[in-house]
Amino acid sequence: MRKSPVADANQTFLDMFADPERVAAYAKGPPRYMPGYEAVQRMAGVLLAEQAPANAHVLVLGAGGGLELKVLAEMQPAWRFTGVDPAGAMLDLARATLENHAERVELVEGTIDAAPAGPFDAATCLLTLHFLPRMERVRTLAEMRRRLRPGAPLVVAHASFPQDEPARSRWLARYAAYALASGADPTEVEQAHTAVANSLTLLTPEDDEACLHEAGFGTIERFYAAFTWRGWVART
Ligand SMILES: C[S@@+](CC[C@H](N)C(=O)[O-])C[C@H]1O[C@@H](n2cnc3c(N)ncnc32)[C@H](O)[C@@H]1O
């Protein structure tokens, strides 16, 4: 049976995370599409450290590639991490990226349901929640909250922008123009633009904040906004 364009759109990205050849080039991608990608990782480290103890155990959901794990491990030499991701190839890349920190990082293949019960002192979920339909997004956030100590921080950042026209198309054009201006391959940018445009899982920033509330987070602060991207720090 023919899949819908929406299913195809998400599948375009999820297939990429399962393909070892494309995963090998992963690290070059996000900084070209997300303004301030590395800065978001550092800001996440700063925000988590406001509440997490020096020997914190941190849950990183969507940890494939290992890029935020590496930044956080370098910022905090006594933190331990559990990284969870359903894509085996992305976890292999994380293993290679985290070679120097292997003794502090446990990697688990699966979704949030495969994550240990914790309790964790802090958590992140970067560039991942935009792949999850709304109900699954709220469920995943609630499962993260269930694994956090009371008052512990969660930092999330992902695609989140106005979904009414013509604003939606205008922001999508800016998303593609930024990637081109950053040196991304034009064919790849066109594919990414089409895939994101066809994705039904995208929410507005207001709805993303509602998801955090519905998942049981009480204090929610937006710390980052750039073109089609937003980031929040939330506490229970
Ligand atoms: C764009 S990558 C982001 C990786 C990393 N967090 C970063 O910022 O570079 C998205 C990751 O989310 C993972 N992913 C997809 N669906 C997921 C789910 N339901 N739960 C957790 N991770 C998921 C993918 O396998 C992929 O590794």
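**Ground rules**

I number residues from 1 along each chain as its sequence is written. The model is predicted, so local features need pLDDT of at least 70, side-chain atom pairs count only at pLDDT 80 or more, and totals for chains, interfaces and linings use all residues. My helices (H or I, at least four residues) and strands (E, at least two) are DSSP runs, numbered from the N terminus.

Two packed helices are described by the angle between their axes and the distance between the axes. I take axes as lines fitted to C-alpha atoms, for helices over the stretch in contact, and angles run from 0 to 180 degrees between N-to-C directions.

I started with helix H4 (residues 37–49) and helix H5 (residues 67–75). Their axes lie 9 Å apart at an angle of about 50 degrees. H4 and H5 are therefore oblique to each other. Angles under 35 degrees count as roughly parallel, over 145 as roughly antiparallel, 65 to 115 as roughly perpendicular and the rest as oblique. H4 passes H5 in a right-handed crossing. A crossing is right-handed if the near helix is turned clockwise from the far one by less than a right angle, and left-handed if anticlockwise.

Which residues make the contact? From H4 I list Gln41, Arg42, Ala44 and Gly45; from H5, Leu67, Glu68, Val71, Leu72 and Met75. Residues are in contact if their C-beta atoms, placed from the backbone, lie within 7 Å. The residues of this H4 and H5 contact divide into five nonpolar, two polar and two charged. Here Ala, Val, Leu, Ile, Met, Phe, Trp, Tyr, Cys and Pro count as nonpolar, Asp, Glu, Lys and Arg as charged, and the others, Gly among them, as polar.

I then asked which residues of H5 are buried. They are Leu67, Glu68, Leu69, Leu72 and Ala73. Buried means 20 or more other C-beta atoms within 10 Å of the residue's own, exposed means 12 or fewer, and partly exposed lies in between; C-beta atoms are placed from the backbone.

The buried residues of H5 pack against H4, strand S1 (57–61), strand S2 (80–85), helix H6 (88–97), strand S3 (105–109) and strand S4 (122–126).

The largest nonpolar core has 67 residues. Such a core is a set of buried Ala, Val, Leu, Ile, Met, Phe, Trp, Tyr and Cys residues joined through C-beta atoms within 7 Å. Val58, Leu61, Leu69, Ala123 and Met144 touch the most other members. I followed up Leu69. Leaving aside neighbours within four places in sequence, Leu69 is in contact with Val60, Ala63, Phe81, Gly83, Ala94, Leu98 and Val105.

**Entry: H7 against H10**

Helix H7 (residues 134–146) packs on helix H10 (residues 205–214) at about 45 degrees, with the axes 8 Å apart. That makes H7 oblique to H10. The crossing of H7 and H10 is right-handed. H7 supplies Arg134, Arg137, Val138 and Leu141 to the contact, and H10 supplies Cys211, Leu212 and Glu214. I read the contact of H7 with H10 as four nonpolar, no polar and three charged residues.

Is Phe161 buried or exposed? With 22 C-beta neighbours inside 10 Å, Phe161 counts as buried. Phe161 lies in the loop between strand S5 (153–159) and helix H8 (167–181). Beyond its neighbours within four places in sequence, Phe161 is in contact with Trp171 and Thr228.

Val108 sits in strand S3. Val108 is partly exposed, with 17 other C-beta atoms within 10 Å. Neighbours within four places aside, Val108 is in contact with Thr82, Val84, Ala114 and Ala115.

Most residues other than glycine have a negative phi, and most peptide bonds are trans. I looked for exceptions.

Gly118 and Pro119 are joined by a cis peptide bond, omega about 5 degrees. Pro119 is in the loop between S3 and S4. The bond from Glu165 to Pro166 is also cis, with omega near 10 degrees. Pro166 is in the loop between S5 and H8.

Leu127 is not a glycine, yet has a positive phi of about 55 degrees. I find Leu127 in the loop between S4 and H7, and it counts as buried with 22 C-beta neighbours inside 10 Å. Phe227, also not a glycine, has a positive phi of about 45 degrees. Phe227 lies in the loop between strand S6 (219–226) and strand S7 (229–235). Phe227 is partly exposed, with 17 other C-beta atoms within 10 Å.

How values were computed: Two residues are in contact if their C-beta atoms, placed from the backbone, lie within 7 Å.
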